Amino acid sequence: MSLEGMRDMLRGSLGKSLHGLQEEDRLAAAWPVACGKAMAERGQVVGFENGIVRIDVNDGAWLRQLISMRRQLAGELSRISGVAVSEIHFEKRNFKR
């Protein structure tokens, strides 16, 4: 099995295991898988309402990077979490991990 195939299989398994959680919790769990560890450490899911995910980002440079990937990340979050995501709103905030 190729690395890409294995990654898709793991993403599918994660999505199935999240179905018992609330939508925002499913999105938060899917976030590191959707964007990778480096980006996930710079932002966190802080809300979800009407298809819009809110993510706080702790650095201006990362904020710009995440905004440029908004459409791709929304698709990945939706696919992995099983939650219908229409948009992601990013805001620069200071937060503690």
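How many salt bridges does the count come to? Let's start there, keeping in mind that this is a predicted model.

**Exercise 1. Find the count, then look at the pair Glu87 and Arg70.**

Solution. 
- The count comes to six salt bridges.
- In one of them, the side chains of Glu87 and Arg70 meet, with N to O at 3.3 Å. A salt bridge needs that gap to be within 4 Å, so this pair passes.
- Now place the partners: Glu87 sits in strand β3 (residues 87–92) and Arg70 in helix α5, so the pair ties together parts 17 residues apart in sequence.
- Glu87 has 26% relative accessibility, so it counts as partly exposed. Arg70, at 26% relative accessibility, is partly exposed too.

**Exercise 2. Work out how Glu76 and Arg79 pair up, and decide whether each is buried or partly exposed.**

Solution. 
- The closest N and O atoms of Glu76 and Arg79 are 3.2 Å apart, and the two form a salt bridge.
- Both belong to helix α5; they are three residues apart, so about one helical turn separates them.
- Buried means under 20% relative accessible area. Glu76 has 16% relative accessibility, so it counts as buried.
- Arg79 has a relative accessible area of 45%, which makes it partly exposed.

**Exercise 3. Describe how helices α2 and α5 pack.**

Solution. 
- For α2 (residues 23–35) and α5 (residues 70–81), the angle is about 125° and the axes are 9 Å apart.
- That angle makes α2 oblique to α5.
- The crossing of α2 and α5 is right-handed.
- Next, who touches whom? From α2 come Arg26, Leu27, Ala30, Trp31, Val33, Ala34 and Cys35, and they meet Leu73, Glu76, Leu77, Ile80 and Ser81 of α5.
- Sort the residues of this contact by type and you get nine nonpolar, one polar and two charged.

Definitions and conventions
Residues are numbered from 1 along each chain as its sequence is written. This is a predicted model: local features need pLDDT of at least 70, side-chain atom pairs count only at pLDDT 80 or more; totals for chains, interfaces and linings use all residues. Side-chain values use heavy atoms; hydrogens and water are left out. Axes are lines fitted to C-alpha atoms, for helices over the stretch in contact, and angles run from 0 to 180 degrees between N-to-C directions. Helices (H or I, at least four residues) and strands (E, at least two) are DSSP runs, numbered from the N terminus. Angles under 35 degrees count as roughly parallel, over 145 as roughly antiparallel, 65 to 115 as roughly perpendicular and the rest as oblique. A crossing is left-handed if the near helix is turned anticlockwise from the far one by less than a right angle, and right-handed if clockwise. Contact means heavy atoms within 4.5 Å. Ala, Val, Leu, Ile, Met, Phe, Trp, Tyr, Cys and Pro count as nonpolar, Asp, Glu, Lys and Arg as charged, and the others, Gly among them, as polar. Buried means under 20% relative accessible area, exposed over 50%, partly exposed in between (1.4 Å probe, protein chains only).
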